[in-house]
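Q: Could you walk me through how to read a model of this kind, feature by feature?

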2 protein chains.
Amino acid sequence: MVQYYFLSVINTYKIMVSTEKNATPSAKTAPKPRGRPLAFNQDEALDAALNVFWSRGYEGTSMAELTEALGINKPSIYAAFGNKEELFRRALGRYVTGPAAFVAAAKKQATARQVVESFLLQAVDFFTNKDTPNGCLIVQAALTCGQSSSAIQQELMAYRKHFEAGFAQRFEQAKADGDLPQQADAKKLAKYIATIHQGMSVQASTGATREELLGVAEMALKSWPTNF
Amino acid sequence: MVQYYFLSVINTYKIMVSTEKNATPSAKTAPKPRGRPLAFNQDEALDAALNVFWSRGYEGTSMAELTEALGINKPSIYAAFGNKEELFRRALGRYVTGPAAFVAAAKKQATARQVVESFLLQAVDFFTNKDTPNGCLIVQAALTCGQSSSAIQQELMAYRKHFEAGFAQRFEQAKADGDLPQQADAKKLAKYIATIHQGMSVQASTGATREELLGVAEMALKSWPTNF
DNA sequence: TAATATTTGTACCGATTGGTAAATAAATAA
DNA sequence: TTATTTATTTACCAATCGGTACAAATATTA
């Protein structure tokens, strides 16, 4: 189980980036588990859970709906994943390292301009992908909720800040690299593109098309600072 | 009871813009209601409900929480407002004509440029007002939810489209007035500023400050088309 | 085979959800 | 006063919420 920590202004949250159950301890032959074998694939179950959470949000998803979507009875879900919160965290982990991995990957582009272009344009396709719910799980799953869901709400907030901070850091690097003007405000730029991203997520969940969002992204890119 | 209708792509929704209970039928002296008088002020109760829905969302708000916030027992709430959905609609009506009235008002500015400046800058103050929940009710209250709340979800979607369409119309007018270039795409511009607005709402609910959002609005305005 | 370990299905838990029946209280009208 | 009308209070409803006890089922080990 690989995980790392980061600080939000208020609290510390565990963020699972990759999880493996029973990491084999340097043994070549799998030691064959003792009891009755699992009747389902954990990753497939998590992907099914992710899809429900993605379209209905954390609070809007009931365990009853999850049992139906995963094709697993409730006690098996609880045995495998702990509880609803933990299941959500595991599904969120798969989201970040799976369909949403392009966000972190965009920072690897050569210049700040290419980073934001790659990020926003891929986000447009991502948000309007017919095979997945519209919009971003991290934006939509718990923007508002009852007190009982505030832990998840806070965790999603922390994720948003985390990704934004990652872009800010990347733009600082761009200033050092000389592909952003020295007077550019890295944090401000990061907040700007995060805002565009989040707004496009809301737009996508409201029915905006790929072409419409491309128009938005294109307009947003017009105000990107250049040296030339 | 004054109300008007507008069409979304999918359905027709009633949108209450102003409501008066028992509009006095041209009588100068109030005819004094018959039974036991109401022990609470309806508008104050609606404002209290609005505040709870605003911070917790539609699904995240329970009737128990509402009874406490309004200081009214459940049967009185149901007698006065029908049910949770209707109560939300009434609170939403007060939101649109009250704290969020600046949105529609911004369209009265003389030029398209002034419209968007007025809109975005006022939105920043609105989103970060210490006396009200952060962000926009219409964006946050039901972005995702269970099936039982989908009517409210759809209605908020319709509101978003409605406001965006209003700005598009205003920008068409601006083209006719000559303060926007003829080649400007009014719908695209409207979707752009709606996206900024919605993104800033998410940012505000994630903790962004007034100054940070002003920076975002300022950047967003840089890509606004001009004739000069 | 028997013993052990683990997962499955059924059936249930208390708490909370939105909503309401019915008695009582407070006003006006006659 | 008495009748009528409306609002409030208490106490409750069925349905659903997240979560679990327990026994049957299915595997490995001895």
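**Reading the model**

A: Start with chain A: residues 24 or more positions apart account for 62% of its contacts with a separation of 6 or more. Two residues are in contact if their C-beta atoms, placed from the backbone, lie within 7 Å. This is a predicted model, in which local features need pLDDT of at least 70, side-chain atom pairs count only at pLDDT 80 or more, and totals for chains, interfaces and linings use all residues. Residues are numbered from 1 along each chain as its sequence is written, while chains are lettered from A and ligands numbered from 1 in the order in which they are written.

Q: How many helices and strands does chain A have, and what pattern do they follow along the sequence?

A: Helices (H or I, at least four residues) and strands (E, at least two) are DSSP runs, numbered from the N terminus. Chain A has ten helices and two strands, and the pattern read along its sequence is β-β-α-α-α-α-α-α-α-α-α-α.

Q: What share of the residues in chain A is buried?

A: A residue is buried if 20 or more other C-beta atoms lie within 10 Å of its own, exposed if 12 or fewer, and partly exposed in between, with C-beta atoms placed from the backbone. In chain A, 40% of the 228 residues are buried.

Q: Which residues touch the most other members of the largest nonpolar core?

A: A nonpolar core is a set of buried Ala, Val, Leu, Ile, Met, Phe, Trp, Tyr and Cys residues joined through C-beta atoms within 7 Å. The largest one here has 124 residues, and A:Ile193 and B:Ile193 touch the most other members. Not counting residues up to four places away in sequence, B:Ile193 touches B:Val116, B:Phe119, B:Leu120 and B:Phe167.

Q: What rotation and shift superpose chain A on chain B?

A: Copies are superposed by least squares on the C-alpha atoms of residues with pLDDT of at least 70 in both. Here a rotation of 180° with 0.0 Å of shift along its axis places chain A on chain B, with RMSD 0.0 Å. That is the relation of a two-fold axis. The C-alpha of A:Gly199 is the nearest to the axis in chain A, at 1.8 Å. Both copies use the same surface, since 97% of the contact residues of chain A recur in chain B.

Q: How many residues does each chain give to the contact, and which elements of chain A supply them?

A: Chain A gives 37 residues and chain B gives 37 residues. On the side of chain A that touches chain B, two or more residues come from each of helix H1 (42–56), helix H7 (137–140), helix H8 (150–177), helix H9 (186–205) and helix H10 (210–222) of chain A. H9(A) gives the most, with eleven residues. By class, this side has 14 nonpolar, 15 polar and eight charged residues; Ala, Val, Leu, Ile, Met, Phe, Trp, Tyr, Cys and Pro count as nonpolar, Asp, Glu, Lys and Arg as charged, and the others, Gly among them, as polar.

Q: What do the buried residues of H10(B) pack against?

A: Helix H10 of chain B (residues 210–222) has 13 residues and reaches 19 Å from its first C-alpha to its last, close to the 18 Å expected at 1.5 Å a residue. The expected span is 1.5 Å times one less than the number of residues. B:Glu212, B:Leu213, B:Gly215, B:Val216, B:Ala217, B:Met219 and B:Ala220 are buried in H10(B). The buried residues of H10(B) pack against H9 of chain A, and against helix H6 (112–127) and helix H9 (186–205) of chain B.

Q: Which residues come nearest to DNA strand C?

A: A residue is near a molecule or strand if its C-beta atom, placed from the backbone, lies within 6 Å of it. DNA strand C has 25 residues around it, and A:Gly35, A:Arg36, A:Ala39, A:Ser76 and B:Lys84 come nearest. H3(A) supplies the largest share of this surface, four residues. The surface near DNA strand C has eleven nonpolar, six polar and eight charged residues.

Q: Which residues are closest to DNA strand D?

A: Of the 25 residues that surround DNA strand D, the closest are A:Arg36, B:Gly35, B:Arg36, B:Ala39 and B:Ser76. H3(B) gives the most to this surface, with four residues.

Q: Why does B:Ala142 count as buried?

A: B:Ala142 counts as buried because it has 28 C-beta neighbours inside 10 Å. B:Ala142 is in the loop between helix H7 (137–140) and helix H8 (150–177) of chain B.
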